[in-house]
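Hi everyone, thanks for coming. I'd like to walk you through one model today, so let me put it on the screen.

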Amino acid sequence: MLSELVKNELKRIVGTANAAFAREELLCYSYDATNTLYPPDAVVFVKSAEEVSLILKMANSEGFPVIPRGAGSGFSGGSLPVEGGVVISTERMNGIIEIDTENLTAVVEPGVVLWEFQQEVEKKGLFYPPDPSSLRFSTLGGNIAECAGGPRAVKYGVTKDYVLGLEVVLPTGEIINTGVRTAKGVVGYDLTKLMVGSEGTLGVVTKATLKLVPLPEATRTLLAVFPDLKDAATAVSGIIKAKVIPSTLELIDGVSLKCVEEYAKAGLPEAEAVLLIEVDGSREGVVKDSEVVERICMEYGAQSVKSATGKDEVRDLWKARRAISASLFRVKPNKINEDVVVPRASIPELIGGVREIADRLNLTIACFGHAGDGNIHVNVMYDKTNPCEAKAAEDAVTEVFKLTVELKGTISGEHGVGVSKARYLSLELKPEAIEAMKRIKAAFDPNGILNPGKIFPKKAAEEGAYMVGAEAASGVPATGL
Ligand SMILES: Cc1cc2nc3c(=O)[nH]c(=O)nc-3n(C[C@H](O)[C@H](O)[C@H](O)COP(=O)(O)OP(=O)(O)OC[C@H]3O[C@@H](n4cnc5c(N)ncnc54)[C@H](O)[C@@H]3O)c2cc1C
């Protein structure tokens, strides 16, 4: 609960029109894509680093939590006010300050929606590759805090590869600049890299300098249909071994295909698996690379490989790909969506292991995702009103994580730890590494006011606040995403 004094001070800092305290307004900022509900005590719509600084200084002196929030599309509970407090929404801090076509950089505010930024950049013949499937609504601030990645990571990398420098307000209120506007820079510790992916626990990003690259001359999209899921998974390494790095290399299994086709009607085939592959570069290079990709897919057991003709077909294929997550609720009302990553060559083993876990625990587990970089979205479908099934789903997640770590992978490639994966941290990290991370957090945030209960949850967030994995037990039915 905030005192009247704090509420009045918040209104003074951001202006009355930019501060919300009414229950119905707070409700809109109490959830993310995990469908978990934690209402904040206030929401403020900031417009400058100075406002953020004043709020954080007051949070330290008055002792209330502050939670940065972009679009609230996170899959791990990062923007949830699990201990109440003040949500800092960046949605009104959404200016593209500069696109520098000579130095191939851009300066942006954190609330800019990724898609809108990409459109502006592409108008100038430039390219900002990070492409999480949430690109139509997620913000650059949220992308930076989660180090978001997408299909193009296989060739172009993820958000951290494009952040040159940041303006950040530290949890104690100081405004600092990290990084450089140049291609190189090694002065002091790399605070930019530390901030990227820190899930809003080490500072609030108020400005970012991003790297741009030239827009590729040509792109071609291919759909390879496989009667066997493992063959499709094996073909992924086959393509890379043939020295072609596609700009996207997505695997979609039969369960996901069926669901998304019924939902999006994109003309996808009925099959055990497909690979959705895109190659880009010069016109000649694209023709050559797609010939290699087609040949390799056929060698690894594809029944057909089709090249998309025209922009509409390409758009429909990607629309369908991005709709998979939502379409899976046709199978069961609840879902745990994990985003494990294994070395590319281990994908067939991972997929085989997940199939075995699903059969043994009598669950439907849909697999799809960025196979090109070893990142598979493992979606455990269940009905939480059935306690046996809910327990089986939780067991399945633990087994999938253990398998991933055994295969020398990581339990999250994109979604972060937030609250949903905090309990699994020690599966992957040694206690000494977790301790070192906690010391970094304490050095930046001695009073623990910025986004508490994330990554290293406090008791309150651990006990009964969520049910399993990325699913909720807040009494609010899980729907939608
Ligand atoms: C349908 C769907 C598909 C998705 N696909 C992908 C995908 O392909 N790849 C992927 O990586 N993710 C994906 N996501 C997850 C999510 O969209 C990303 O994590 C995204 O980067 C979150 O952005 P946001 O603006 O919604 O941030 P929020 O959800 O609002 O916040 C996420 C985290 O960032 C912090 N944060 C937000 N803004 C700031 C700031 N200015 N300063 C400091 N911290 C801040 C928050 O505190 C929180 O910890 C998907 C989500 C959905 C719903």
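Predicted model: local features only at pLDDT ≥ 70, side-chain atom pairs only at ≥ 80, totals over all residues.

On α13, the buried residues are A392, A393, A396, V397, V400, F401, L403 and T404. Look at the spacing in that list. An α-helix has 3.6 residues a turn, so residues three or four places apart point the same way.

What do the buried residues of α13 pack against? Their partners are the strands β16 (334–341), β17 (364–370) and β18 (375–382), together with α12 (347–360) and α14 (425–428). The helix itself covers residues 387–406, which makes 20 residues. From first C-alpha to last, α13 reaches 29 Å, close to the 28 Å expected at 1.5 Å a residue. Just after α13 comes K408, with a positive phi of about 65 degrees.

Now to the nonpolar cores. The largest one holds 123 residues, and those with the most contacts inside it are V44, I55, V86, I88, A224, V274 and L275. Our helix shows up again here: α13 supplies the largest share of this core, seven residues. Apart from it lies another core, of seven residues, including Y38, L80, V417 and A422. Leaving aside neighbours within four places in sequence, A224 is in contact with V274, L275, I277, C297, A302 and V305.

Next, the domains. The domain assignment gives four pieces: domain 1 (4–91 + 440–462), domain 2 (96–214), domain 3 (217–326) and domain 4 (331–418). Taken over C-alpha atoms, the centres of domain 1 and domain 4 are separated by 31 Å. Their contact takes seven residues from domain 1 and five residues from domain 4. On the domain 1 side, that is two nonpolar, four polar and one charged by class.

And finally, the ligand. Which residues are closest to it? They are G70, G78, G141, G142 and G200, out of 37 residues that surround the ligand. The elements giving two or more residues to this shell are β3 (66–69), α5 (140–146) and β10 (204–211). Of the shell, α5 provides the largest share, five residues. By class, the shell has 12 nonpolar, 20 polar and five charged residues.

Key. Residues numbered from 1 in each chain as written. Helix = DSSP H or I, 4+ residues; strand = E, 2+ residues; numbered from the N terminus. Expected span 1.5 Å × (residues − 1). Buried ≥ 20, exposed ≤ 12 C-beta atoms within 10 Å, placed from the backbone. Contact = placed C-beta atoms within 7 Å. Core = buried A, V, L, I, M, F, W, Y, C linked by C-beta atoms within 7 Å. Near = placed C-beta within 6 Å. Nonpolar A, V, L, I, M, F, W, Y, C, P; charged D, E, K, R; others polar. Domains from an automatic or database assignment.
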